[in-house]
Amino acid sequence: MSCSFKKLNIILGILLLFTGCKKLDAYLDKAESGGMSDEEVFGNYRQTERFLAQVYGSGLTIDWVGGNLWSFSYDGATDNGYCAYAYWPSPKFTYDGNFTPNNNPIDQWASAYVTLRKVNLFLEKIDGLPISTNNREEEQAGKIRMKGEAYFLRAWVYAELFKRYGGVPLVNRVLQASDDLAIPRATGEEVVDQIADDCNNAIALLPLTYSLRDLGRATKGAAMALKARTLLYAASLLHNPEQKVQKWQKAAAAAKEVMDLNQYRLHESFKGMLHTRQSAETIFQYTGNYEDQLRNNLMPSQGGFSIVQPSQELVDAFEMKDGKSYKESPLYDALNPYENRDPRFKMTVIHNNMPWRSVPIETFEGGLDGLNGPGNNYTRTGYYLAKTLDETGSITPIWRPGSHYFIYMRFAEVLLNYAEAQNEALDAPDQSVYDAINQIRARPGVNMPPLPGGLTKVQMRERIRNERRIELAFESHRFWDIRRWRIGEQVLKEVHGMKITRTGANWKYEPFIVENRFYNNKYDLFPIPQTELNRNKNLVQNPGYN
């Protein structure tokens, strides 16, 4: 399908949803796949499979920097990182006061509803798909599985809308041009119920595993994990200001169901986790090798663009090996601040003189990759990104892309989701909360000490949030966590770096402000695009954007 046809298809889908243009009636006779009719697509098993593959392609995006929008990084828009690029869409618009209904480059409203139309069409047609007599058993099983995948994909799209906008219009059938398209927003709770119902339908129809040929399809575990994640978000302060404990209980129970499958376990290597297509930790993954991740984030001496750079705030969040913060631990040495850290630190952040492909990376002022070097490719924080980058890959002198697989959901997140929800559901953390967090800390190659006993609910909350920040850094979670916890105005004031200078054999470390930031709690929910408000007079804007 040509790019121009894809664009036309999207435009027509948007018009179909939010206008009453009767000239589109002829278009309604065509399926959303290359101009073939619905009868041609849903009268043939292989064509139906191809149609569903297109839904995956339009409904799932890669959140890594450069994955879908040049120079945008979700972590670069948080206190975890910084993006020096001013090119559109720099993350700066999310914290500089310019986040408006007319300015949101990461808006997904229109594309989400185009995908929802395709899913709804699929669900309306799949039961009538004929099965060939020559391959009856395989196609009958495939028909059931594909229906489960469609339910999962609809839940996924609504979950992406929910975490951005809260309540949105629920559209669960193929709309016609003659329909009343001025559909009001459902409440956040109604959207969550829809997601849970679709996940439950998917769980009943999907298998636990696939053969290598079908890796990347939604599984029973993926539907369960998506339900658990959504219920966690729904229980969080942003969507549960009264802090109703029942919502936390439901979120904990849903995460526990994933754990009780005994299908998943932590990968044997924190560093290697994002560089393999097959891992017992992976629940749902983009299985294409996203090779551009290497070029986008390597330091300039090795041919990279270094689009997103870790912050001093993130560095400070890593505990020392004794499990204490750097402010409390006797292991911390201000003249050697990067040693004796949680091993995940060096697997996440490249610091001064740290080897990468056996070459020490010089981030000190005047070093080869030094602070504030010429051009945007040089670090502005004193750090470069290690996590998400395959160290076996290279750009110069030989191009070897390495392996880079974006993970949408993994088992460590499920454990963190459970620990958070269970802690909030109780008056004080029970042993199951400790067990979930300590399992992550005990991963081979990490081997951090278990959390100290006797923590209060508030103390445990802070430890869980920090553990989540460390474990899931640069996997896009921090962006949404800041919003659902409603802590943006606290943590998005400044971002710091580390200025390192050398005099002979002596090093001097000086933290400094890289950037002052502005954040308003209204940004916790995205603005509904003004174009959609203009089309649909029954839509109500999120608070603070009028």
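Student: Is C199 buried or exposed?
Tutor: In this predicted model, C199 counts as buried because its relative accessibility is 0%.

Student: What about C83, buried or exposed?
Tutor: C83 has 1% relative accessibility, so C83 counts as buried.

Student: And how many disulfides does the structure hold?
Tutor: The number of disulfides is zero.

Student: Back to C199: which residues of α6 are buried?
Tutor: They are V191, V192, Q194, I195, A196, D198, C199, A202 and I203.

Student: Which helices do the buried residues of α6 pack against?
Tutor: They pack against α5 and α7, the latter covering residues 220-235.

Student: Now the core. Which residues touch the most other members of the largest nonpolar core?
Tutor: That core has 120 residues, and F152, L161, F284 and M409 touch the most other members. The helix that gives the most to this core is α5, residues 136-165, with 13 residues.

Student: What does L161 touch?
Tutor: Setting aside residues up to four places away in sequence, L161 touches Q108, W109, A112, Y113, L116, G166 and V168. Another core, of 21 residues, lies apart from the largest one; I307, L314, Y383 and L385 are among its members.

Student: Where is H351 found?
Tutor: H351 is in the loop between β4 (349-350) and β5 (354-356). With 4% relative accessibility, H351 counts as buried.

Student: Which residues is H351 in contact with?
Tutor: Excluding neighbours within four places in sequence, the contacts of H351 are Y338, E339, F345, K346, I361, T363 and Y383.

Student: Changing topic, how many aromatic pairs are there?
Tutor: The structure holds 32 aromatic pairs. One of them joins F406 and Y408, whose ring centres are 5.1 Å apart with planes at 85 degrees, so the pair is edge-to-face. Both F406 and Y408 are buried.

Student: Why is the pair of Y519 and Y523 edge-to-face?
Tutor: The planes of Y519 and Y523 are at 85 degrees, with the ring centres 5.4 Å apart. Planes over 60 degrees apart count as edge-to-face. Y519 and Y523 are both buried.

Student: Finally, which ring face does R483 lie over?
Tutor: R483 lies over the face of F479, 3.7 Å from the ring centre. R341 lies over the face of F345, at 5.8 Å from the ring centre.

Note on methods: Residues are numbered from 1 along each chain as its sequence is written. This is a predicted model: local features need pLDDT of at least 70, side-chain atom pairs count only at pLDDT 80 or more; totals for chains, interfaces and linings use all residues. Side-chain values use heavy atoms; hydrogens and water are left out. A nonpolar core is a set of buried Ala, Val, Leu, Ile, Met, Phe, Trp, Tyr and Cys residues joined through side-chain atoms within 4.5 Å. Buried means under 20% relative accessible area, exposed over 50%, partly exposed in between (1.4 Å probe, protein chains only). Helices (H or I, at least four residues) and strands (E, at least two) are DSSP runs, numbered from the N terminus. Contact means heavy atoms within 4.5 Å. A disulfide is a pair of cysteine sulfur atoms within 2.5 Å. Rings of Phe, Tyr and Trp (its six-membered ring) pair if their centres lie within 6.5 Å; planes under 30 degrees apart count as stacked, over 60 as edge-to-face and the rest as tilted. A charge sits over a ring if NZ of Lys or CZ of Arg is within 6 Å of the ring centre and within 35 degrees of the ring normal.
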